[in-house]
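Please go through the model with this report beside it. The text takes up a sheet, then a loop residue, then the nonpolar cores.

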Amino acid sequence: MPLQPHSRRTSGGATAAAAMAASRRPGRRGGAAGAAGSGSPCAGREVRGDASFRWSPPRTDSRGATSWTEASAGASIGFPCCGLGTRGRRLLAMAPLSTRLLIQRGRPKSNRLGKIRSLDLSGLNLLSEDLDHTLLGRLKQLQELDLSDNQLETLPADLGLPHLHVLHCANNQLSDVTHLCQFPQLEELSLEGNPFLTVSDSLKVTFLLPELRKFNGKDASTTRSKAESLNRELTTRVRMISEELVASGGTHARETDMPEGSHKATATQQPRARPVALRRPGDTLLSLSPQKRMCTSLLAPVEGSLVGSDSSQLEPLHFLQCHSKNNSPSDLKTQLWACAFEPAWDEGQAGAASQTVATCGGEAVCVIDCQTGIVLHKYKVPGEEFFSVAWTALTVVTQTGHKKRWNVLAAAGLRGLVRLLHVQAGFCCGLIRGHRKAIATLCFSPTHETHLFTASYDKRIILWDIGTPNQDYEFQASHLLTLDTTSTPLRLCPVPPCPDAYLLAGCEGGCCCWDVRLDQPQKKRVCEVEFVFSEGSKVSGQRVDGLAFVNEDVVASKGSSLGTICLWSWSQTWQGRGSQPTVAVVVLAWLQWSPTILAYFSLSTCPDKGLVLCGDEQGSVWIYDVRPLLAQRSPPQTAPQAPTQILKWPQPQAMGQTVTKTMVNTVVANPAFTYLTALTDSNIVAIWRRGEP
């Protein structure tokens, strides 16, 4: 049986396409790297259109905590997306709806639209703009409408169907149910197969449609009772919190999270299958006590062992469970995939270092203060599984004409959507659609703050310009380029010497490079060069699941050879390329790493310190200071070089028991190397701090 996306797999073999509904995260994505030089122009795709995003004000509960909610998007970007396992893209141009078509598909048969009571418009690949409210408004007696199996992203606000009792909208791309309120007499509704709708939308339907009796083929009273129960529970919680605040003098909660009751409802209904984590044989989970705890669990650290030089400088600081499903302290199954440090605010100060890190995994994105261990913000999307995060610093002009710097966090995952999060303000300010499958990784351009690369399991990399908000807080995002891949892209990075010219990517089938210059006419391009890692070999197809630049020239890559990390020269490799489509890299050194056959452990680098970082299947963090190695003028040594130090898993305490085993999926340090953050397969964010030498 083919492996599902985001399952832990052994090295070797191609990635199998898998159904999202039964999968874990689509292969383990991530990383970064790049390419440079000159190259031939490639093929093209036109920009399919812009999308308008509006900022929504944050909602504040009685504790003063902010709940993050998605802003509505005026339109989607790019081409119609096909969702997760639903229908494909619109293949044929659909003629506008006509009176003749409505009469042909209407019942009872009549030559007058006003006599039609039932209308079947299913399977026509209709887009939202095809629903002409002027034409449909003539169906004054229409009671049943079937819009299933189309490409609808929203329903027009005023279709003029006052007597509609039955509506079928299954297998579309709907992402909002608000406009259903125009059908107050609706008794039966079908919304199955709309991958962007969540449990909260199901609950919202019961409030919008008071006459609803049948929802998705089931008695609507069940959903209505859950919504009413949730409403009562939230009301009780708000009253209790208010009384506690009055008694305590108004102390505010430090963690911004959504009400616990909403997640209980999510766990109860489960509108679509959640990804299932496939764990390594022999892994065991601790049996933790179910007693009530804070939604963010702080695990008690136990001194870990460090191997190698300078071991005394790194000390375990915090171990957090802040991505728990339903805020359960016993959750040691949620897999955490990616983290990124926020850009430092004081750009003018040399060596300015951020201590704020964003982490993602499960249905949550968290922003953590590494010094205090406090979760500053938490953003949740029920039914989502986040795989990647990336920061950018936008410069915007306020209404008074002043320039202001905003750090915006992009997050993406299973649903194939990019969410733009304004962390400081505490809400989601934009949504980008453009991929038919899950997004494996994303990264911003180092030279253009609004340029964003997204890589997906649909075997495409897309370059977007997310734009900057205007005085009305609106975003205009546009689709700039599409890069086709022959296998799933796992890691992305623009090439430091020429970030506007070349993009390097580690993929399931190897390491590839694309020309991304925007002055070229082609908007759809194929891989220009593929790199191989076996000396004297031109054989491709070796997975590269770790990729990052150590400095302007040296690339660190992992996955092509068992138990090692390869350091190779971008400039020397590119100079020897010629016109060949496949080029062997110029190896500078090999680094010794874990001999595991498991894949998708992401590596990272700390260029200012010349460090390479990588986790392993035993919970250890491998740290390499490669500056002495790269300073050698002698030919590269064939024997892999040992790590500078290995941080052994500290085995923190969780509710009186020891977490003895885990996998470290990714490790990232801030530029000054004062904090190091590791994410695990067991829902633990581990933070180390480097002391003064």
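Leu336 stands opposite Gly361 in β15. The model is predicted: local features need pLDDT of at least 70, side-chain atom pairs count only at pLDDT 80 or more, and totals for chains, interfaces and linings use all residues. Residues are numbered from 1 along each chain as its sequence is written, and side-chain values use heavy atoms, with hydrogens and water left out.

**The sheet**

Strands here are DSSP runs (E, at least two residues), and helices are runs of H or I of at least four residues, both numbered from the N terminus. Two strands pair if DSSP finds at least two bridges between them. Four strands make an open sheet, ordered β14-β15-β16-β17, with antiparallel pairing. β14 and β17 are the edge strands; each has a single partner, so one side of each lacks a neighbour in the sheet. Two of the pairings are listed here.

β16 and β17 form a hairpin with five residues between them. In its turn, Gly373 has a positive phi of about 80 degrees.

Is His377 buried or exposed? Buried means under 20% relative accessible area, exposed over 50%, and partly exposed in between (1.4 Å probe, protein chains only). His377 has 16% relative accessibility and therefore counts as buried. His377 sits in β17, residues 375-380. Five of the six residues of β17 are buried. The His377 side chain reaches the backbone oxygen of Val423 at 3.2 Å.

**Arg213 in a loop**

Arg213 lies in the loop between α3 (199-208) and β9 (214-215). Arg213 counts as partly exposed because its relative accessibility is 49%. Its C-alpha atom is 8.5 Å from that of Leu186, 27 residues apart along the chain. Contact means heavy atoms within 4.5 Å. Leaving aside neighbours within four places in sequence, Arg213 contacts Glu187, Lys218, Asp219 and Ala220.

**Nonpolar cores**

A nonpolar core is a set of buried Ala, Val, Leu, Ile, Met, Phe, Trp, Tyr and Cys residues joined through side-chain atoms within 4.5 Å. The largest has 36 residues; Leu167, Leu180, Leu189 and Leu191 have the most contacts inside it. The elements giving two or more residues to this core are α1 (99-105) and α2 (133-136). Another core lies apart from it, with 22 residues, including Cys498 and Trp574.

Note on methods:
A polar contact is a pair of N or O atoms within 3.5 Å; within protein, one must be able to donate a hydrogen and the other to accept it, and residues adjacent in sequence count only if both atoms are side-chain atoms.
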